Amino acid sequence: MDLSSNFRMLALYNQRMNQQLLTVCEPLSMEQLHQQTQSFFPSVMAHWNHILFADLIMLQRLVDNDLVSVDPAVLKTLPKSKSVNDQFVSNMDELKSLRVLIDLIYLQIMADLTDLDCSKIVRYTTTEGRLIERKTGEFYQHIFNHQTHHRGQLTCVLSQLGLDFGCTDLPVIVPEGSHVLFTGETV
């Protein structure tokens, strides 16, 4: 499988997993969404906000390096990531709206991705001030690994709340594998 096909599959996996977990979180009360979890992040909503933080800041880094094209009107609607403690959303309606939009943006980026694009360089400064230079393929891998890692923490919290979040296996979530066909939906 080539890199661009792999990233298209991972973008679809992330979208589907995010939707699956949003559905599980939807019936939670505001109290449950914000209650102390004794986990890596202090609450269910804090887990979601951290995943949003990373997706937003990494998207901005790609845009700043002219590596992706996103409608400027859409970009204007997105919050700016500044700190790992950013709180972008506080309720499920806000979360669903922003999460769906970001997932669509990443799907569109991956739909247009070529293997040649994966060898281009992204340069940025981390929130701690460290200069980083990586091939975009490595950068995309980090984006998808980051989401998966923190969704794993979130599923642990959800299971402690007695919620069934279903299967998380990539071959089940994306049974079509790397032969992902996109509908041409644009953002």
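Helix axes are lines fitted to C-alpha atoms over the stretch in contact, and angles between N-to-C directions run from 0 to 180 degrees. The model is predicted, so that local features need pLDDT of at least 70 and side-chain atom pairs count only at pLDDT 80 or more, while totals for chains, interfaces and linings use all residues. Residues are numbered from 1 along each chain as its sequence is written, and side-chain values use heavy atoms, with hydrogens and water left out.

**View 1. Packing of helix H1 (residues 3–25) against H5.** The two helices (DSSP runs of H or I, at least four residues, numbered from the N terminus) pack at an angle of about 170°, with their axes 9 Å apart. H1 and H5 are therefore roughly antiparallel (angles over 145 degrees). Residues in contact (heavy atoms within 4.5 Å) include Phe7, Leu12 and Leu22 of H1 and Leu95, Val100 and Leu107 of H5. The contact divides into 13 nonpolar, four polar and four charged residues, where Ala, Val, Leu, Ile, Met, Phe, Trp, Tyr, Cys and Pro count as nonpolar, Asp, Glu, Lys and Arg as charged, and the others, Gly among them, as polar.

**View 2. Packing of helix H5 (residues 92–111) against helix H6 (residues 136–160).** Here the angle is about 150° and the axes lie 13 Å apart, and H5 and H6 are therefore roughly antiparallel to each other. Arg99, Asp103, Tyr106, Ile109 and Met110 in H5 meet Tyr140, Ile143, Phe144 and Gln147 in H6, a set that divides into six nonpolar, one polar and two charged residues.

View 3. Among the 14 lining residues, the closest to the pocket centre are Phe53, Arg61, Thr126, Thr127 and His142. Helix H3 (44–64) and H6 are the elements that give two or more residues to this lining, and H3 provides the largest share, six residues. The lining divides into seven nonpolar, five polar and two charged residues. On a 1 Å grid over the protein atoms alone, a pocket is an open set of points where a 1.4 Å probe fits, with protein on both sides within 12 Å along at least five of seven lines, and lining residues have an atom within 4 Å of a point; grid points are joined across faces, edges and corners, and the volume is the space filled by probe spheres set on them.

Note on methods
Angles under 35 degrees count as roughly parallel, over 145 as roughly antiparallel, 65 to 115 as roughly perpendicular and the rest as oblique.
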